[in-house]
Amino acid sequence: MHFLTNMAAPVNNRSDCWRVPEVYKHHEQQRVCISRPKYREGRKAKAVKVYTINLESRYLMVQGVPAIGVMTELIQLCALYGSVEEYRPLDEYPAEEFTEVYLVKFQKLTSARAAKRNMDEKSFYGGVLHVCYVPEYETVEDTRLKLQDRRSYIARAARSRAKQREKTEATQESLVLSEAPTSSDKISTSRGITSRNEDTGEALSLSHYSEFPPLPLPPQEHCSFRQKSHRRLVPTEDKMGTLHNAFYNVEQQQVDSLSSNPTTSNREQGTESRLGPNPGSGVRFIPRITNLESRKRKVEESGETAANVSGENEPLIGPKLPEAAKLDMEDESLNTTVGLIRSTMKQVGSVPDLKTAKKKAKPRRRI
Amino acid sequence: MSSTEAPERFEYLQSLVTEFQDTDSEEAKEQVLANLANFAYDPKNMEYLRELQVPDLFLDMLTEENQNFVEFGMGGLCNLSMDPECREVILQSGGISLVTNCLSNRREETVLSAVTTLMNLATPATRPQISEPGILQCMLRFSLAESPRLRNLAAVFLQDCCSEEQVRQAQQQTEGRQTAVGIPLPKGESQKVKEAHISQN
């Protein structure tokens, strides 16, 4: 079998990678959080966890692969998300009966991310795959490169944002100079359109790095913002499978009522100002108060009844979320394979489930 | 990033910060803190988080008793500190000493985030502070830890954030100590220290 590269080569040349690997805590699925308020409740229930670069890796571990000789098919599936450098079965890792565990090393971290996101919790030849990062298999050099790549990506993103800001400001200035502004709406709309068009290219190239699907674009015209109905806050999954929320449209009455909500507007906030009744008007700086100040404020307010935002079920303002998060891979060939993935998954999904001896009653949960 | 998209994104992040400040529920605070820390992973959000003074919020968490607060705050800083402007904010708020204290935290994720953050905070100006003997000795001990992730990060730190001479000096000071508090070392430590650093340098 010469599937891709170095099939027979061990993933690492260090002798300690042949030790019995520990079941690291971060490989385990955590209990799901059930107490989130609606406005920040995700589509899928998730555990409370923070992702950093240290948790991600080009190395993935795939558990739950049915032991029916489908290693090639597994690696073919992985390869849909990017080049696989090496892979091997992890015989020494504890596995459920009749399943196998594989270690897969991708050429790029972004491929590993995509593979994890798309393969985790998916059905595969009658089993359910559990995919997680295994940074402990990295070499020192792997780790260093990972950090360097991450830093340069962030730096590039910062630079391009700065350029966008300059362009936007230049455009805005020329608009102000060229015509008398009839309303602030007009300027913000034009600015929005201009920068959004310019952004599309950038956004597409950057979005595949971003862990979160971009927040939905607002409507083009400021006036149409008010005409939207059926808006509500709906949870969105980001590309790391972490919980966060994106905006759907809300009823306009709710928008108004939220902004004039006594619980928000009456609250004494000291240095903070509140959202005005005009959603979508420019960015406002709301200074955060540090611990010291917040404690002071709490002492002052001890008599007041301050309604807890988290207890409310009121949805937030926001435009409509786009239909499905389209995965944009790095280049065209990968984009093509995304289409292939979808058809492949359909085929895989249509394979009748083989009976496995033991199935856990507890439903699998996503980290 | 579209600037008309900005208000919604900013306001959403703002509402998270507000909830964090206003709620009395520890559980809600943990959830929101984790959300913010995860948002800090996306460069698109970094500017807004800066405006909302979230770096300071994360730094405040490092001295909390609740270990989830510390872990999530440290994770948020690890994410934010990759961005040059956020890095400046963190440095100006005395980030180095606060993060250094987290090196002795009992939770591995917190320590990993702290090591990574210190590396991110290393600039020509801050390098002397980051490569203090105390920190280097800590990193030397970490480079012998059982945890591969910690070993690797410490090794990268020692290679990238200080000179060989500094490592040698710290090594000499470490010799004679057989164990690090809370970090199990493999057997035959002092010989391994020599070997490990010869091969790394």
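# Two chains, in questions

Reader: Where do B:Glu165 and B:Arg168 lie?
Author: Both sit in helix 12 (residues 164-174) of chain B, three residues apart, about one turn of the helix. Helices here are DSSP runs of H or I with at least four residues, strands are runs of E with at least two, and both are numbered from the N terminus.

Reader: What kind of model is this, and how is it labelled?
Author: It is a predicted model, in which local features need pLDDT of at least 70 and side-chain atom pairs count only at pLDDT 80 or more, while totals for chains, interfaces and linings use all residues. Residues are numbered from 1 along each chain as its sequence is written, chains are lettered from A and ligands numbered from 1 in the order in which they are written, and side-chain values use heavy atoms, with hydrogens and water left out.

Reader: Back to that pair. How do the side chains of B:Glu165 and B:Arg168 meet?
Author: They form a salt bridge, 3.6 Å from N to O. The term means a side-chain nitrogen of Lys or Arg within 4 Å of a carboxyl oxygen of Asp or Glu.

Reader: Which residues are joined into one network by salt bridges that share partners?
Author: A:Arg161, A:Arg165, B:Glu47, B:Arg50, B:Asp83 and B:Glu85.

Reader: What does A:Arg161 touch?
Author: Leaving aside neighbours within four places in sequence, A:Arg161 is in contact with B:Pro43, B:Lys44, B:Met46, B:Glu47 and B:Asp83. Contact means heavy atoms within 4.5 Å. A:Arg161 lies in helix 3 of chain A and counts as buried, at 13% relative accessibility.

Reader: How many salt bridges over all chains?
Author: There are 19. One of the salt bridges links B:Arg149 and A:Glu136, with the closest N and O atoms 4.0 Å apart. This pair crosses between chains, from helix 11 (residues 148-160) of chain B to the loop between strand 6 (130-133) and helix 3 (140-178) of chain A. B:Arg149 and A:Glu136 are both buried.

Reader: And disulfides, how many?
Author: The whole structure has zero, where a disulfide is a pair of cysteine sulfur atoms within 2.5 Å. As for individual cysteines, A:Cys78 is buried at 1% relative accessible area, and B:Cys86 is buried at 0%.

Reader: Different topic. What is the secondary structure of chain B?
Author: Chain B comes to 13 helices and zero strands. Of its 201 residues, 66% are buried. Among its contacts with a separation of 6 or more, 67% are between residues 24 or more positions apart.

Reader: What about helix 5 of chain B?
Author: Helix 5 (residues 67-80) has 14 residues and reaches 20 Å from first C-alpha to last, close to the expected 20 Å. The expected span is 1.5 Å times one less than the number of residues. Twelve of the 14 are buried, including B:Phe69, B:Phe72 and B:Leu77.

Reader: Which helices do the buried residues of helix 5 pack against?
Author: In chain B, they pack against helix 2 (26-39), helix 3 (43-51), helix 4 (54-61), helix 6 (84-92), helix 7 (95-101) and helix 8 (108-120).

Reader: Why is helix 10 of chain B called largely enclosed?
Author: Because seven of the ten residues of helix 10 (residues 133-142) are buried. B:Met139 and B:Phe142 are among them.

Reader: Where else do B:Met139 and B:Phe142 turn up?
Author: In the largest nonpolar core, which has 70 residues; B:Met139 and B:Phe142 are among those that touch the most other members. Such a core is a set of buried Ala, Val, Leu, Ile, Met, Phe, Trp, Tyr and Cys residues joined through side-chain atoms within 4.5 Å.

Reader: Last one: where is A:Phe106, and is it buried or exposed?
Author: A:Phe106 is in strand 3 (residues 99-106) of chain A and is buried, with a relative accessible area of 0%. Its C-alpha is separated by 7.0 Å from that of A:Gly82, 24 residues apart along the chain. Not counting residues up to four places away in sequence, A:Phe106 touches several residues, including A:Leu60, A:Cys78, A:Gly82 and A:Ala115.

Conventions. Buried < 20%, exposed > 50% of the residue type's maximum accessible area, 1.4 Å probe, protein only.
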